[in-house]
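Here is a set of questions and answers for a first look at this structure. Keep the sequence and the model at hand.

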Amino acid sequence: MKRAIIFDMDGTLWDSVDNIVFSWNRALQEIGMSDLVITRERLLGLMGKTMDKFAKAFFPQYSPEKGMELFHVLELAENEYLRQHGAVLLGNVEAVFRRLHELGWGVCIVSNCQSGYIEAFLEHYHLENLVDDTECYGDTGRGKADNLKAVIERNHLEKYWYLGDTQGDYDACAEADVPFVWASYGFGSVDAEVPKIDSVEEIVQIV
């Protein structure tokens, strides 16, 4: 039987919010838009949403196409900064990935992030060889439910869980018929009776 734990990124594996805020504000200054200042609080209110929602929130005065063009500048700055500096890991992620493999479980990541974001995480922490597959909104233009289905299908998974921290994660799993575990240590809450863990290390106990 092929089986895997599929992880969310933000609020589940790491907290990159402060580094994103820094990289975005620096990029905005470089393109002459220093009047727009991004804060941690504002960014947290959008975490987990797809990139088009971010662009609409930060550049509402522009067309969707222009908003995404401007937001792409922030994405590139963010990816490069995170690739160089990393962020705050929410536990011993490498040890968890290694232990899952020892127990016969694959490790996948599905996020609503932009292209290059998961890769920046993997490259900074040298985790490429411990993650079997990834998918994101930036690569497919599709939401989390569709991307979950794609990862499950192409890896021929027969048993799997998704670990995420927000209601949006749970809703995507409900739509895709994927068993969900709530990372209660993350950014959000879940209005449903679901298994929960208080640290990323506890996912090993569930499997």
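Q: Which residue forms a salt bridge with Glu69?
A: A salt bridge is a side-chain nitrogen of Lys or Arg within 4 Å of a carboxyl oxygen of Asp or Glu. For Glu69, the closest N and O atoms of the pair are 3.6 Å apart. The partner is Lys66.

Q: What kind of model is this?
A: Local features need pLDDT of at least 70, side-chain atom pairs count only at pLDDT 80 or more, totals for chains, interfaces and linings use all residues, and the model is predicted. Residues are numbered from 1 along each chain as its sequence is written, and side-chain values use heavy atoms, with hydrogens and water left out.

Q: Which helix holds both Glu69 and Lys66?
A: Helices (H or I, at least four residues) and strands (E, at least two) are DSSP runs, numbered from the N terminus. Glu69 and Lys66 are 3 residues apart, about one turn of the helix. Both lie in α4, residues 64-85.

Q: Is Glu69 buried or exposed, or in between?
A: Buried means under 20% relative accessible area, exposed over 50%, and partly exposed in between (1.4 Å probe, protein chains only). Glu69 has 49% relative accessibility. Glu69 therefore counts as partly exposed.

Q: How many residues separate Glu135 and Arg154, a pair that links distant parts of the chain?
A: Glu135 forms a salt bridge with Arg154, with the closest N and O atoms 3.0 Å apart. Glu135 is in strand β5 (residues 133-136) and Arg154 in helix α8. They are 19 residues apart.

Q: Where in the chain is Asp8, the salt-bridge partner of Lys144?
A: The closest N and O atoms of this pair are 3.2 Å apart. Lys144 is in helix α8, 136 residues from Asp8. Both residues are buried. Asp8 is in the loop between β1 and β2 (14-15).

Q: Why is strand β1 largely enclosed by the rest of the structure?
A: Strand β1 spans residues 3-7. It is largely enclosed because 4 of its 5 residues are buried.

Q: Which residue of β4 stands opposite Phe7?
A: Two strands pair if DSSP finds at least two bridges between them. 4 bridges join β1 to β4 (residues 106-111), and the two run parallel. Opposite Phe7 stands Ile109.

Q: Which residue of β6 stands opposite Ile5?
A: β1 is also joined to β6 (residues 159-164), by 5 bridges, and these strands run parallel. Opposite Ile5 stands Trp161.

Q: What arc do the buried residues of helix α9 cover?
A: Helix α9 (residues 167-176) has the buried residues Asp169, Ala172, Cys173 and Ala176. They lie on the same side of α9, because their arc around the axis, taken from the directions to the C-beta atoms, is only 100°.

Q: Which elements do the buried residues of α9 pack against?
A: On the other side of α9, Ala174 and Glu175 are exposed. The buried residues make their contacts (heavy atoms within 4.5 Å) with α8 (144-154), β6 and β7 (180-183).

Q: Which residues touch the most other members of the largest nonpolar core?
A: A nonpolar core is a set of buried Ala, Val, Leu, Ile, Met, Phe, Trp, Tyr and Cys residues joined through side-chain atoms within 4.5 Å. The largest has 52 residues. Those touching the most other members are Phe7, Phe97 and Phe121.
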